[in-house]
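Please keep the sequence and the coordinates in view while reading.

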Amino acid sequence: MDFPRFIHIYHQTASAPAAAAALDAKIVAEEIDKIFPSCCKIDIRPPFKYEEKMIEHAKIADIKQPFEKQPNHEQDSKKKMIPMITTTTIPLYDGFVMQKKLAEIIPDVEISLAHIHIIFTSLLTCTFSEDDWRYHGRAVICGTPSIVSTTGIVEALAKPREFYLAQLLGGIAEDNDYMVKKKFAGRFIDYNDEDKITAASINYALQAIFFFITSGEPFCNNKDCRLLNAHWQEDLIHTIEKRTLCSHHRNLANKLSKSHPRAERF
Ligand SMILES: [Zn+2]
């Protein structure tokens, strides 16, 4: 089996909404390089280029219907689209449909398992769950290419319960949002928090890499491990502060680095 030789990191896509979360791709690359020393070549590339209309196809109009049943997809593309009926103001994109579309653009020579493509985007990715029959926002979609949604880091993981309660209790008072954010500072992740978003992006990039190393098992149950599949921002912040992998995953990374030393020529 091929093993990862090349890790390509793409800067955040330019088609960002106004509240695009900040991210430092260089720090992400450096941190990955420390964890996989000497086995993979990591490069940072410009934003992944695609045509807007390719991705529009992945847009979700009704979060309570699977992709095949989305109202706008039953229409001929030439016909008028049904207006969006989502309850959120941030558009959602089916992560796997988006992934399939983006994969079509990757050149054949880079489509093998030796290449891991990690695309950062501010589009909000989501996946459909058959458990509760609705879409959920996701911060990472693993595969080729892997997609890390910085908006997903802010929106797809829950903030502390008390945060939402304080928001409700404060009602529509003008400074309520500001006051609540001030009160819970450090316990949640906001769009302008470049340090936390970058640190969280490292976690998700690692999950994307471990997806390949472990044949599809990117997550960990250890609450200290960077591969924890956090549902709460506080749990994610805990792993960010720990900055560590559990011993099992650290061993896996070390083994890979030792058994596949970096090739002489690239
Ligand atoms: Zn682990």
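**A histidine and its surroundings**

Leaving aside neighbours within four places in sequence, His-117 is in contact with His-8, Ile-106, Thr-144, Pro-145 and Ser-146; two residues are in contact if their C-beta atoms, placed from the backbone, lie within 7 Å. Residues are numbered from 1 along each chain as its sequence is written. The model is a predicted one, in which local features need pLDDT of at least 70 and side-chain atom pairs count only at pLDDT 80 or more, whereas totals for chains, interfaces and linings use all residues.

His-117 is found in strand 5. Helices (H or I, at least four residues) and strands (E, at least two) are DSSP runs, numbered from the N terminus. His-117 counts as buried because it has 22 C-beta neighbours inside 10 Å; a residue is buried if 20 or more other C-beta atoms lie within 10 Å of its own, exposed if 12 or fewer, and partly exposed in between, with C-beta atoms placed from the backbone. His-117 and Cys-142, which are 25 residues apart in sequence, have C-alpha atoms 9.8 Å apart in space.

Two of the contacts of His-117, Thr-144 and Pro-145, are joined by a cis peptide bond with omega near -10 degrees. Pro-145 belongs to the loop between strand 8 and strand 9.

**The strands**

The chain as a whole has nine helices and nine strands. Buried residues account for 34% of its 266 residues. Of the contacts between residues at least 6 apart in sequence, 70% join residues at least 24 apart.

Five of the strands form an open sheet with mixed pairing, in the order 2-1-5-9-8. Two strands pair if DSSP finds at least two bridges between them. Strand 2 (41–45) and strand 8 (140–141) are the edge strands, each pairing on one side only. Within this sheet, strand 5 (residues 115–121) runs parallel to strand 9 (residues 146–149), and four bridges join the two. Phe-120 has Val-148 in strand 9 as its bridge partner.

Strand 6 (residues 124–129) and strand 7 (residues 134–138) run antiparallel and are joined by five bridges. Thr-125 stands opposite Arg-138 in strand 7. The hairpin of these two strands has four residues between them, and Trp-133 takes a positive phi near 50 degrees there.

**Helix packing**

Helix 1 lies across strand 1 (6–10), strand 2 and strand 5, and runs at about 175 degrees to strand 2. Axes are lines fitted to C-alpha atoms, for helices over the stretch in contact, and angles run from 0 to 180 degrees between N-to-C directions.

How do helix 1 and helix 7 cross, and at what angle? The axes of helix 1 (residues 25–35) and helix 7 (residues 194–213) come within 9 Å and cross at roughly 45 degrees. Helix 1 is therefore oblique to helix 7; angles under 35 degrees count as roughly parallel, over 145 as roughly antiparallel, 65 to 115 as roughly perpendicular and the rest as oblique. The crossing is right-handed, a crossing being left-handed if the near helix is turned anticlockwise from the far one by less than a right angle, and right-handed if clockwise. On the side of helix 1, Ile-27, Val-28, Glu-31, Ile-32 and Ile-35 meet Thr-198, Ser-201, Ile-202, Ala-205 and Leu-206 of helix 7. By class, this contact has seven nonpolar, two polar and one charged residues; Ala, Val, Leu, Ile, Met, Phe, Trp, Tyr, Cys and Pro count as nonpolar, Asp, Glu, Lys and Arg as charged, and the others, Gly among them, as polar.

Helix 7 also meets helix 8 (residues 233–242), where the axes come within 10 Å and cross at roughly 85 degrees. Helix 7 is therefore roughly perpendicular to helix 8. Lys-196, Ala-199, Ala-200 and Asn-203 of helix 7 make this contact with Leu-236, Ile-237, Thr-239 and Ile-240 of helix 8. Five nonpolar, two polar and one charged residues form the contact of helix 7 with helix 8.

**Loops and exposed segments**

Most residues other than glycine have a negative phi, and most peptide bonds are trans. Ser-215, which is not a glycine, has a positive phi of about 55 degrees. Ser-215 lies in the loop between helix 7 and helix 8 and is exposed, with 8 other C-beta atoms within 10 Å. Arg-243 likewise has a positive phi, near 50 degrees. Arg-243 is placed in the loop between helix 8 and helix 9 (247–259), and is exposed, with 12 other C-beta atoms within 10 Å.

Helix 5 (residues 161–170) is hardly covered, since the count of buried residues among its ten residues is zero. Just after helix 5, Gly-171 takes a positive phi of about 60 degrees.
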